[in-house]
Amino acid sequence: MSEQDPPPALVDPMKGFRGVTSAMFILEAIVVLLALLVVAKDDTISTGQGWFVGLIALALVLGCALVARPWITWVVAGLHVALIACFLFLPTLGIVGVLFAAAWGWMFWARNDVRKRMAEGTLRSQQ
């Protein structure tokens, strides 16, 4: 390495987390829409219920644009409260909401752990 070469760029671990968060939003939207098809085959779904679930799926996809915002945790929590509330009229979607809420909880725990390790300077990329 010569003196004219720029120093290597620092790796931003939060950039990777934002990518995983976007992927989780898309995956959840797909699962919600597929679950709606399964429920529609077995039960009757009203038009209002279908629109409600469609809007939640759209909100999940649009959540990808918000992953860098500091208040994304509240957006995720609000969407999952709405999904879990589906227990009242579509129990299958309520179960999907509970499962994904647990997955999001683990992801946010991992994010906080990475932030803590970044503050301590113990990440491998900081060595």
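Among contacts in the protein chain between residues at least 6 apart in sequence, 69% join residues at least 24 apart, where contact means heavy atoms within 4.5 Å. Keep that in mind as we walk through this predicted model, in which local features need pLDDT of at least 70, side-chain atom pairs count only at pLDDT 80 or more, and totals for chains, interfaces and linings use all residues. Residues are numbered from 1 along each chain as its sequence is written, and side-chain values use heavy atoms, with hydrogens and water left out.

Let us begin with the overall plan. The protein chain has four helices and zero strands, giving the pattern α-α-α-α along the sequence. Helices (H or I, at least four residues) and strands (E, at least two) are DSSP runs, numbered from the N terminus. Of the 127 residues in the protein chain, 28% are buried; buried means under 20% relative accessible area, exposed over 50%, and partly exposed in between, using a 1.4 Å probe and protein chains only.

Now look at how the helices meet. Two packed helices are described by the angle between their axes and the distance between the axes. Here axes are lines fitted to C-alpha atoms, for helices over the stretch in contact, and angles run from 0 to 180 degrees between N-to-C directions. The axes of helix α2 (residues 47-62) and α3 come within 11 Å and cross at roughly 155°. That makes α2 roughly antiparallel to α3, since angles under 35 degrees count as roughly parallel, over 145 as roughly antiparallel, 65 to 115 as roughly perpendicular and the rest as oblique. Phe52, Ile56, Ala59 and Leu60 of α2 make the contact with Leu79, Ala82 and Leu83 of α3. By class, this contact of α2 with α3 has seven nonpolar, no polar and no charged residues. Ala, Val, Leu, Ile, Met, Phe, Trp, Tyr, Cys and Pro count as nonpolar, Asp, Glu, Lys and Arg as charged, and the others, Gly among them, as polar.

Next comes the partner on the other end of the sequence. The axes of helix α3 (residues 72-85) and helix α4 (residues 91-120) come within 8 Å and cross at roughly 160°, which makes α3 roughly antiparallel to α4. Among the residues making this contact are Ile72, Val76 and His80 of α3 and Gly97, Trp104 and Arg111 of α4. The contact of α3 with α4 has ten nonpolar, four polar and one charged residues.

Buried residues of α4 include Leu93, Gly97, Phe100, Trp104 and Arg111. Arg115, also found in helix α4, is partly exposed, with a relative accessible area of 43%. Arg115 and Pro13 are 102 residues apart in sequence, and 8.8 Å apart in space, C-alpha to C-alpha. After α4 comes Gly121, whose phi is positive, near 75°.

Finally, visit Thr21 in helix α1 (residues 13-42). Thr21 counts as buried, at 1% relative accessibility. Not counting residues up to four places away in sequence, Thr21 touches Val67, Trp104 and Met107.
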